Amino acid sequence: MVMQAGNMDHPSGARAVARCTELGRAPYSEMEGGLFRPYLGPSYRATCDRLAAWMHDAGMATRMDAAGNLIGRYEGLAPDAPVVLLGSHIDSVRDGGFFDGMLGVVLGIETVAHFARSGKRFPFALEVVGFGDEEGSRFPSGMLTSHAVAGVLETPDPAMRDWAETATLASALEGFGLDVGRMHAASRKGDPVVAYVEAHIEQGPALEAEGRALGVVSAIAAQHRYRVTLRGMAGHAGTVAMKLRRDALAGAAEIILAAERVGRAGTDGLVATVGSLDVMPGAANVVPGDVVFTIDVRAGTNATRDRAAREILDIACTVAARRGLEMDVALQQDLDATPCDPMLADLMEQAVREVTCAPVPLLVSGAGHDAMIMAHLAPVCMLFIRCAGGISHNPAESVTDADTDAALRAMITFIGLFERRFG
């Protein structure tokens, strides 16, 4: 894409939006007519190359770490200066939006570019990180690469296959000249990382409802995700009497409605979702014998999440026993609530107030982010940006140039405030 004259030749919200939009199409997407950018795929390579070029233009040296994350470094006043990390994730879900994750990476680049234009250096280095795999949209392991950076990566399975059954984690990394056995080398545990700051679209409607462009995240919600299997007995839809049926789908329906009921009655931002349902044998004239579905429970605190999850699973056990169904439950994801660092959140709130001259909404993020993993490494904070209708993971995902420009100015202001506090 050729940049136009005017404000597109210097850091701005408009340029950030234009860059994210550019990266929503081929060769930066592997989906015809939409965006899909899986970790370590051809579109991922093209995107890293483009981002690296923008990082170089912004005065950064770039590298790819042992986990396939892209990192740009803008040196501090001293070569061994502590590090402030800015960023988000590069990968996308299938048929996703242009701004989820990518806007945080591009805003990090724009923030550094602003300071590079004036030659401003800090007593800390600024690094922009584009995490390779937050969504888990290629391999069944979300936030894999931020786990590596934070130094909390469990030994990865080299034979873990991608969803398309076309590659293993080992072969995908090898295609980038990387070794699955050295993914732990991406760890920054021994480095003086003093903060991780992530700008991200809200992915919800709260800011739009309040008429605010920006908000500050107070915490990222705790999450439990379960895979539930119900086994009944398949049978002919015309000959098995209703009172004799062991209908796995009817049992699942009862549990799904119970999960919704528990979620609606909760506090602390509690939500409960059944987002996936597989019915077998899946024929119109057969009583369903097996059903596999997910239950996703999230809340602002671990305690609220845990109470709700126990209640839903207790109901599920009762339903299964009453209907003569066998039930297996596997916990697939267990993420604790992650409070943002109070000092950093206070500085971000001050920065947003200076930029917007308005009250600053404090929000709990119901969505998971790399920040919740990076909290194992350093203090974290997040800036939320209004998105139209709260829509995300959808091609309709959108932000305005004005809101994005406000976010950029807030990031710039935040770095200045952090410098004064740091000194």
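How many residues has helix H9, and what does H9 reach from its first C-alpha to its last? I looked this up first, taking helices as DSSP runs of H or I with at least four residues and strands as runs of E with at least two, numbered from the N terminus. Helix H9 (residues 342-356) has 15 residues and reaches 21 Å, close to the 21 Å expected at 1.5 Å a residue, where the expected span is 1.5 Å times one less than the number of residues.

I noted that this is a predicted model, in which local features need pLDDT of at least 70 and side-chain atom pairs count only at pLDDT 80 or more, while totals for chains, interfaces and linings use all residues. Residues are numbered from 1 along each chain as its sequence is written, and side-chain values use heavy atoms, with hydrogens and water left out.

Next I looked for buried residues (under 20% relative accessible area, with a 1.4 Å probe and protein chains only), and in H9 I found Leu344 and Met348 among them. Their cover includes S5, strand S6 (214-220) and helix H11 (401-422), judged by contact, meaning heavy atoms within 4.5 Å.

Then I turned to arginine 188, in the loop between helix H5 (169-174) and strand S5 (193-201). Arginine 188 counts as buried because its relative accessibility is 6%. Its side chain makes polar contacts (N or O pairs within 3.5 Å, one able to donate a hydrogen and the other to accept it, residues adjacent in sequence counting only if both atoms are side-chain atoms) with the side chains of glutamate 127 at 3.0 Å and aspartate 191 at 2.5 Å.

How values were computed: Buried means under 20% relative accessible area, exposed over 50%, partly exposed in between (1.4 Å probe, protein chains only).
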